[in-house]
Amino acid sequence: MFKLIALVACLAVVVSAYEDYHSHPKYKFEYGVKDPHTHDHKSAWEHRDGDHVHGQYTLDEADGTHRIVDYTSDHKTGFQPHVQRKGHAHHPHGESYANIHQHY
């Protein structure tokens, strides 16, 4: 009798592990950072339902532009990003490389 109970318990564990491994993944998450001291501004979100993933991340680039990446992914088409850059790049005014190089 004990062997039968142990066998049934082992089968229940195996079936439970199989269901967890092959379960239908589904989640949503998001986060963001906006630090005025370091000027680190970024955000991200993602939704997954089974094999279908949809998300976006954004960040402020060092040149002053804002990057937005929308993406989808599934087992048929793979990872499909769409990248946008908004704004105009500007670089700090100051001494040129040639002027800095002459000081050394």
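Reader: What is the bridge partner of V33 in β2?
Author: V33 has K42 as its bridge partner there. This is a predicted model, with residues numbered from 1 along each chain as its sequence is written. Local features need pLDDT of at least 70 and side-chain atom pairs count only at pLDDT 80 or more, while totals for chains, interfaces and linings use all residues, and side-chain values use heavy atoms, with hydrogens and water left out.

Reader: How do β1 and β2 pair, and over how many bridges?
Author: β1 (residues 26–35) and β2 (residues 40–49) pair in the antiparallel sense over 10 bridges. Two strands pair if DSSP finds at least two bridges between them. Strands (E, at least two residues) and helices (H or I, at least four) are DSSP runs, numbered from the N terminus.

Reader: What stands opposite K26?
Author: D49 in β2 is opposite K26.

Reader: How many residues lie between β1 and β2 in the hairpin?
Author: There are 4 residues between them, and H39 in the turn has a positive phi of about 65 degrees.

Reader: And the hairpin of β2 and β3, which residue takes a positive phi there?
Author: G50 does, near 70 degrees, in a hairpin with 2 residues between the strands. β2 and β3 run antiparallel and are joined by 8 bridges. R48 stands opposite V53 in β3.

Reader: Back to K42. What does K42 form a salt bridge with?
Author: With D40, the closest N and O atoms being 3.4 Å apart. A salt bridge here is a side-chain nitrogen of Lys or Arg within 4 Å of a carboxyl oxygen of Asp or Glu.

Reader: How many salt bridges does a search of the whole structure find?
Author: The search finds 3. E61 and R67 meet in one of them, at 2.6 Å from N to O. R85 and E61 meet in another, at 3.5 Å. That pair links distant parts of the chain, 24 residues apart: R85 is in strand β5 (residues 78–86), and E61 is in the loop between β3 (52–60) and β4 (66–74).

Reader: Which residues are linked in a network of salt bridges?
Author: E61, R67 and R85. E61 counts as buried at 18% relative accessibility, R67 is partly exposed at 25%, and R85 is exposed at 53%.

Reader: New topic. Which residues make the nonpolar surface patch?
Author: Y27, F29, Y31 and V33 make a nonpolar patch of about 350 Å². Patches take residues with over 30% relative accessible area and no salt bridge; nonpolar side chains (Val, Leu, Ile, Met, Phe, Trp, Tyr) are joined within 5 Å, like charges within 9 Å. Areas come from the Shrake-Rupley method with a 1.4 Å probe, and for residues only the protein chains shown count as cover.

Reader: How many aromatic pairs does the whole structure hold?
Author: A search finds 2. Y27 and F29 form a stacked one, 6.4 Å centre to centre with 25 degrees between the planes. F29 is partly exposed at 36%. The rings of Y71 and F79 have centres 5.6 Å apart and planes at 40 degrees, so that pair is tilted. Rings of Phe, Tyr and Trp (its six-membered ring) pair if their centres lie within 6.5 Å; planes under 30 degrees apart are stacked, over 60 edge-to-face, and the rest tilted.

Reader: Are Y71 and F79 buried or exposed?
Author: Y71 is buried at 11%, whereas F79 is exposed at 52%.

Reader: What about the chain overall, in what order do the elements run?
Author: From the N terminus on, they run α-β-β-β-β-β-α, which is 2 helices and 5 strands.

Reader: How much of the chain counts as buried?
Author: Of its 104 residues, 12%. The chain exposes about 9000 Å², and carbon and sulfur atoms supply 60% of that.

Reader: Among contacts between residues at least 6 apart in sequence, what share joins residues at least 24 apart?
Author: The share is 12%, where contact means heavy atoms within 4.5 Å.

Methods:
Buried < 20%, exposed > 50% of the residue type's maximum accessible area, 1.4 Å probe, protein only.
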